[in-house]
Amino acid sequence: ARVGPGAGGSTVLVNATTTTCPWTAKSNDSWLKISGASSGTGSSRVAYTYDLNATAAARTATMTISGLTFTVTQDAGSIPGTPTVTENGIVNSASGVPPSLPGGALAQGSFFTIFASGVGPTPPRQVEQFPLPTNLGGTLVQIRQGSQTVSCYLVYTSSTQINGIIPSNAPLGDAEMIVTYNGAASRPVAVRIARNNFGIFATSQGRGPGIIQNYMTQLEQPLNTRSVTAKPKQVVILWGTGAGPITAPDNVAPPAGNLPFTFEMTIGGKSANLLYNGRAPCCSGVDQIVAEVPADAPVGCFVPVQVKAGDVWSNVVTMAIDSNG
């Protein structure tokens with residue numbers, strides 16, 4: 001049997017063919033008990049209980065019932081006072097797609113967010129200038145794959161949330177992420193590192209209106225809204241993260257320039273002409289897609305927008321388009 005990390009109880013069916021089946025049972029481990037004791041007797045079903053697993057590793061115990069051995073595996077828990085990452089709590093900061101879904105990988109050089117408990121200081125700490133550190137307020141985030149370990153660059157840390165950047169040299173494929181706060185480490189959490197996995201920033205955790213600016217002039221680039229719409233053939237600037245790795249350091253202001261990957265952008269299902277696809281020169285780990293709204297794009301308050309970087313499509317956000325602007 002497999003049980004969760006919390007304290008609880010369950011039963012083993014000794015004999016399903018009769019209503020009574022006398023048995024004698026004995027637990028071989030202290031955290032597993034037969035009817036609340038180390039051993040017991042009864043008939044039909046064997047009731048057993050198990051203690052809280054307050055460790056960061058799974059454990060197994062056995063009980064012997066009428067000469068037969070049964071194994072119970074208990075999932076890992078967490079040591080009180082140590083960092084604990086929320087289930088599906090490591091996500092692309094823009095899309096918010098959980099790692100359990102196909103689009104949940106973290107791209108090299110991208111912004112990520114960790115939702116957790118006990119992972120940072122109170123009050124929160126935030127970086128205000130370059131270079132970005134790997135240790136912020138006692139918080140350290142590392143990616144481990146076999147014998148290779150890299151440290152992420154951190155921008156924000158608190159007791160419940162971390163924002164940082166995956167290094168562009170992070171190992172590709174399945175890996176583990178470990179959060180350490182003041183020397184106490186969380187249990188490793190499985191992550192997938194990809195070359196590209198673009199996420200579009202939006203007003204509501206990867207959904208709803210996207211963070212898209214209408215380009216008017218060099219000094220006038222208002223946020224696209226239902227009352228400040230884009231026109232067909234107008235240039236717009238979309239903000240996201242996960243376009244792909246760069247060769248420059250990720251902890252300083254990145255260089256401008258198109259990234260050497262294949263990009264597509266659709267607005268209302270129509271292909272948009274791309275003018276730029278690369279890092280935002282202001283901000284580590286943040287990307288800009290500059291494009292022209294297709295002349296035949298549909299108009300409306302919530303026209304869907306999506307970006308493909310490499311061979312992976314992003315989350316879907318919306319923008320407002322009106323023929324009169």
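## Charge and Surface

In the protein, the mean position of the 17 positive charges and that of the 15 negative charges are 7 Å apart. The structure examined here is a predicted model. Its accessible surface amounts to about 15,000 Å², and carbon and sulfur atoms account for 53% of that area.

## Overall Form

The protein contains 32 strands and zero helices. Its radius of gyration is 26 Å, whereas a compact globule of 325 residues would have a value near 20 Å. Along the principal axes, the C-alpha atoms fill a box of roughly 85 × 45 × 35 Å.

Of the 325 residues, 44% count as buried. When contacts between residues at least 6 apart in sequence are considered, 60% of them join residues at least 24 apart.

## Cis Peptide Bonds

The bond from Thr 122 to Pro 123 is a cis peptide bond, with omega near 5 degrees. Pro 123 belongs to the loop between strand E11 (111–117) and strand E12 (125–126).

Phe 130 and Pro 131 are likewise joined by a cis peptide bond, with omega about -5 degrees. Pro 131 is found in the loop that lies between E12 and strand E13 (135–136).

## Positive Phi Angles

Ser 66, a residue other than glycine, has a positive phi near 50 degrees. Ser 66 is located in the loop between strand E7 (59–65) and strand E8 (68–74). With a relative accessible area of 51%, Ser 66 is exposed, because exposed means over 50%.

Gln 205 also has a positive phi near 50 degrees. The loop between strand E22 (202–204) and strand E23 (207–210) holds Gln 205, and this residue is exposed, with a relative accessible area of 61%.

Note on methods: Residues are numbered from 1 along each chain as its sequence is written. This is a predicted model: local features need pLDDT of at least 70, side-chain atom pairs count only at pLDDT 80 or more; totals for chains, interfaces and linings use all residues. Side-chain values use heavy atoms; hydrogens and water are left out. Helices (H or I, at least four residues) and strands (E, at least two) are DSSP runs, numbered from the N terminus. The radius of gyration is taken over C-alpha atoms; the globule rule is 2.2 Å times the number of residues to the power 0.38. Buried means under 20% relative accessible area, exposed over 50%, partly exposed in between (1.4 Å probe, protein chains only). Contact means heavy atoms within 4.5 Å. Accessible areas come from the Shrake-Rupley method with a 1.4 Å probe; for residues, only the protein chains shown count as cover. Lys and Arg count as positive and Asp and Glu as negative; His and the chain ends are not counted. The place of a charge is taken as NZ of Lys, CZ of Arg, CG of Asp or CD of Glu.
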